[in-house]
Amino acid sequence: MKIKVFINVDWFAISHFSVYLANLVKTANLVKVYALDTGFGKKISNLGAEFHPIKLSRENSGIFSELKSILEIYMDLRKENTDIIECFTIKPSLIIGIINLFFGIKSRIVFYVTGLGTMVNSQNL
């Protein structure tokens, strides 16, 4: 089974999902993690996953930069069949969602919503 994981930035993958990624590597034939490289890509590779740096940032980097990122991700997805695509954080979820909407992706796609923080703990819910 081939799994691709898209997440904003490599340090977030290590700080929040390193145990999950290590377990994923044990169950899948191939796990690729796509994220902005801030120096933690080696730690992701040490977990047994392939690390692929992509130009995603948490901030708005301009429409042309965003379109270039979408195109690069789309070309990568076309190049190789993948069983499951997992998207953590909002930006990768939006990008994969847009690609799926316009071009169709044959893989199963899982969107995870992160960053709700104290909103989930609010007693006003």
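Colleague: Which element supplies the largest share of the lining of the largest pocket?

Modeller: That is α3, with three residues. This is a predicted model, so local features need pLDDT of at least 70 and side-chain atom pairs count only at pLDDT 80 or more, while totals for chains, interfaces and linings use all residues. Residues are numbered from 1 along each chain as its sequence is written, and side-chain values use heavy atoms, without hydrogens or water.

Colleague: How much space lies in that largest pocket?

Modeller: About 180 Å³. Leu77, Arg78, Gly104, Ile105 and Lys106 are the closest to the centre, out of 13 lining residues. Two elements give two or more residues to the lining: α3 (63-79) and α4 (90-103). A pocket here is an open set of points on a 1 Å grid where a 1.4 Å probe fits, with protein on both sides within 12 Å along at least five of seven lines; lining residues have an atom within 4 Å of a point.

Colleague: Back up a step. What is the order of elements along the protein chain?

Modeller: From the N terminus, β-α-β-α-β-α-β-α-β. That comes to four helices and five strands, taken as DSSP runs of at least four residues (H or I) and at least two (E).

Colleague: Which element has the lowest mean pLDDT, and which the highest?

Modeller: α3 has the lowest, at 86, and helix α2 (residues 41-46) the highest, at 96. The protein chain has a mean of 87, and 87% of its residues reach 70 or more. pLDDT is the predictor's confidence in each residue, from 0 to 100.

Colleague: Stay with α3. Where is Asp76, buried or exposed?

Modeller: Asp76 is in helix α3 and is buried, with a relative accessible area of 16%. Buried means under 20%, exposed over 50%, and partly exposed in between, using a 1.4 Å probe and protein chains only. Across the protein chain, buried residues make up 39% of the 125 residues.

Colleague: What does the side chain of Asp76 make a polar contact with?

Modeller: The side chain of Lys4, at 2.8 Å. A polar contact is an N or O pair within 3.5 Å, one atom able to donate a hydrogen and the other to accept it; residues adjacent in sequence count only if both atoms are side-chain atoms. Apart from neighbours within four places in sequence, Asp76 is in contact (heavy atoms within 4.5 Å) with Lys4 and also with Tyr34.

Colleague: New topic. What is phi of Thr89?

Modeller: Near 75°, a positive value in a residue other than glycine. Most residues other than glycine have a negative phi. Thr89 is in the loop between β4 (84-88) and α4, and is buried at 8% relative accessible area.

Colleague: Which side chain reaches the backbone oxygen of Thr89?

Modeller: That of Ser93, at 2.9 Å. Ser93 lies in helix α4 and is buried, with a relative accessible area of 12%. Leaving out residues up to four places away in sequence, Ser93 touches Cys87, Phe111 and Tyr112.

Colleague: Last one, the other end of α4. Why does Ser107 count as buried?

Modeller: Because its relative accessibility is 14%. Ser107 is in the loop between α4 and β5 (108-112). A polar atom of its side chain lies 2.4 Å from the backbone oxygen of Thr82.

Colleague: What else does Ser107 touch?

Modeller: Besides Thr82, it touches Asp83, Ile84 and Ile85, not counting residues up to four places away in sequence. The C-alpha atoms of Ser107 and Asn81 are 7.6 Å apart, and those two residues are 26 apart along the chain.

Key: Grid points are joined across faces, edges and corners, and a volume is the space filled by probe spheres set on the points.
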